[in-house]
Amino acid sequence: MEKTLVRKVCIIDDDRLYVSLVTMMIKKNSFANELLVFQNGREALDYFKNAIDDPNEILPSIILLDLNMPIMNGWEFLKEIQPYADKMLERDIKLNIVSSTINPEEVNRAENHDIVHNFITKPISKEAIVEAFLN
């Protein structure tokens, strides 16, 4: 098995082109062995609610969360995942917002959220991924 930066990454985004490009970037640069992809916050929330208490489940150490999605957007996901925030931090899960917004209020709101590790502006770069994964 090739050495990677992290074992598992979770992408929560409904933009198939973006997901395809980030997946290709992660695989090409051996940033992670496994990828979990959810097209909205609801799918991801269901996964984390079921998996967070399972000690045998290998959770993603990095989450890349979009803010604008159908069904459950990133803000709603952050609100609903809040009761699990301590468990996520205990399991060393780094949640990163990845968004095309340049609205300073939204950026500030995201960066001040308890479980948000980093705010990354789309289009995401290889360097931004490395920084999110390592820091």
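**Exercise 1. Decide whether Phe-133 is buried or exposed.**

Step 1. Take the cut-offs: buried means under 20% relative accessible area, exposed means over 50%, and partly exposed lies in between, with a 1.4 Å probe and protein chains only.
Step 2. Phe-133 has a relative accessible area of 5%, so Phe-133 is buried.

The model used here is predicted: local features need pLDDT of at least 70, side-chain atom pairs count only at pLDDT 80 or more, and totals for chains, interfaces and linings use all residues. Residues are numbered from 1 along each chain as its sequence is written, and side-chain values use heavy atoms, with hydrogens and water left out.

**Exercise 2. State how many aromatic pairs there are, and classify the pair of Phe-31 and Phe-133.**

Step 1. A pair of aromatic rings is described by the distance of the centres and the angle of the planes.
Step 2. Rings of Phe, Tyr and Trp (its six-membered ring) pair if their centres lie within 6.5 Å; planes under 30 degrees apart count as stacked, over 60 as edge-to-face and the rest as tilted.
Step 3. By this rule the count is 3 aromatic pairs.
Step 4. The ring centres of Phe-31 and Phe-133 are 5.9 Å apart and the planes stand at 65 degrees, so this pair is edge-to-face.
Step 5. Locate the two residues, with helices (H or I, at least four residues) and strands (E, at least two) taken as DSSP runs numbered from the N terminus. Phe-31 is in the loop between helix H1 (16-28) and strand E2 (32-38), while Phe-133 is in helix H6, and the pair links distant parts of the chain, 102 residues apart.

**Exercise 3. Classify the pair of Tyr-47 and Phe-48, and find which cluster holds these residues.**

Step 1. The centres of Tyr-47 and Phe-48 are 5.0 Å apart, with 75 degrees between the planes, and the pair is edge-to-face.
Step 2. Tyr-47 and Phe-48 are both buried.
Step 3. Ring pairs join Phe-38, Tyr-47 and Phe-48 in a cluster.

**Exercise 4. Find which charged ends sit over the rings of Trp-75 and Tyr-18.**

Step 1. The rule asks for NZ of Lys or CZ of Arg within 6 Å of the ring centre and within 35 degrees of the ring normal.
Step 2. Over the ring of Trp-75 sits the charged end of Arg-109, 3.8 Å from the ring centre.
Step 3. Over the ring of Tyr-18 sits the charged end of Lys-122, 4.2 Å from the ring centre.
Step 4. Lys-122 is also joined to Pro-123 by a cis peptide bond, with omega about 0 degrees. Pro-123 lies in the loop between strand E5 (116-121) and H6.

**Exercise 5. Describe how H1 and H6 pack.**

Step 1. Axes are lines fitted to C-alpha atoms, for helices over the stretch in contact, and angles run from 0 to 180 degrees between N-to-C directions.
Step 2. The axes of H1 and H6 are 11 Å apart, at an angle of about 70 degrees.
Step 3. H1 is therefore roughly perpendicular to H6 (under 35 degrees counts as roughly parallel, over 145 as roughly antiparallel, 65 to 115 as roughly perpendicular and the rest as oblique).

**Exercise 6. Describe the backbone at Ser-30.**

Step 1. Ser-30 is not a glycine, yet has a positive phi of about 55 degrees.
Step 2. Ser-30 lies in the loop between H1 and E2.
Step 3. Its relative accessibility is 13%, so Ser-30 counts as buried.
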